[in-house]
Amino acid sequence: MKDLKSYIRTVPDFPKDGIAFRDVTTLFGNPAAFKHTVDALVAAFKNDRVQKVAGIEARGFILGGAVAHRLGAGFVPIRKEGKLPHQTVSETYTLEYGDATLEMHLDAFGAGDRILLIDDLIATGGTAEAALSLIERQGGDVVGCGFIVDLPGLGGSARVKAHCDHVVSLISFDD
Ligand code: AMP
């Protein structure tokens, strides 16, 4: 298999001018690259006794679902505003390109449950931090955070390390 990074497509000026969008659909679409990605995240967190994987809509669902299955854990969807049908907790945050609100079901897990947060990419860390705050407010014990891509220049992974010691990303884009 080629370097994992080569499976990620960069789309310039999406969703707005100046953003280099790191598109992981090309990685998800390649059987060997997708398997390698899931295997690497499972290996990184296999000793953390994860009880639930929390995945952030929408690419975090694809990745988090596969990782949860392999770790023998449950899955908790963290969704954009207005999508979850039952009682929710919510958190509003700032994205690299705009504002957004994330929601999670109030009863998504029990107090003290060991939670692994998964998303495709960490940029400024606002999205992951909002998700971590939802999990922490419900009494979850965040044992890990896993991403395919880190954009370290935007400082997100450093921000997330304040909440969680075990932060893993498989690829980093420095520009
Ligand atoms: P942030 O809150 O700034 O860390 O942004 C992370 C979230 O926005 C993730 O859910 C990513 O899927 C998405 N995102 C932000 N910036 C990019 C980017 N340059 N390329 C692809 N996805 C991005």
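How many of the 175 residues of this protein chain count as buried? The share is 48%, where buried means under 20% relative accessible area, exposed means over 50%, and partly exposed is in between, with a 1.4 Å probe and protein chains only.

Before going on, some ground rules. This is a predicted model, in which local features need pLDDT of at least 70 and side-chain atom pairs count only at pLDDT 80 or more, while totals for chains, interfaces and linings use all residues. Residues are numbered from 1 along each chain as its sequence is written, and side-chain values use heavy atoms, with hydrogens and water left out.

Now the overall layout. The protein chain has 5 helices and 9 strands; these are DSSP runs numbered from the N terminus, with helices being H or I of at least four residues and strands being E of at least two. Starting at the N terminus, the order is β-β-α-α-β-α-β-β-β-β-α-β-α-β.

Next, the dimensions. The C-alpha trace spans about 40 × 35 × 30 Å along its principal axes.

What about contacts, meaning heavy atoms within 4.5 Å? Among contacts between residues at least 6 apart in sequence, 59% join residues at least 24 apart.

The accessible surface comes to about 8,200 Å², and 49% of it belongs to carbon and sulfur atoms. Such areas come from the Shrake-Rupley method with a 1.4 Å probe, and for residues only the protein chains shown count as cover.

On to the aromatic rings. How many aromatic pairs does the structure hold? There are 3. Rings of Phe, Tyr and Trp (its six-membered ring) pair if their centres lie within 6.5 Å; planes under 30 degrees apart count as stacked, over 60 as edge-to-face, and the rest as tilted. One of the pairs is Phe14 with Phe21: the centres are 5.2 Å apart and the planes stand at 85°, so this pair is edge-to-face. Phe21 counts as buried, at 14% relative accessibility, whereas Phe14 is partly exposed at 44%.

Another pair is Phe61 with Phe75, also edge-to-face because the planes are at 90°, with the ring centres 5.8 Å apart. Phe61 lies in helix α3 (residues 59-71) and Phe75 in strand β4 (residues 74-80), so the pair ties together parts that are 14 residues apart in sequence. Phe61 is partly exposed, with a relative accessible area of 24%, and Phe75 is partly exposed at 32%.

Back to Phe14 for the backbone. A cis peptide bond joins Phe14 and Pro15, with omega about -5°. Pro15 is in the loop between β1 (9-12) and β2 (20-23). That loop also contains Asp13, which has a positive phi of about 60° although it is not a glycine. Asp13 is partly exposed, at 46%.

Which residues does the other cis peptide bond join? They are Glu57 and Ala58, and omega is about -5°. Ala58 sits in the loop between β3 (52-56) and α3.

Last, Arg49. This residue lies in the loop between α2 (31-45) and β3. Arg49 has a positive phi of about 50°, although it is not a glycine, and is exposed, with a relative accessible area of 61%.

How values were computed: Contact = heavy atoms within 4.5 Å.
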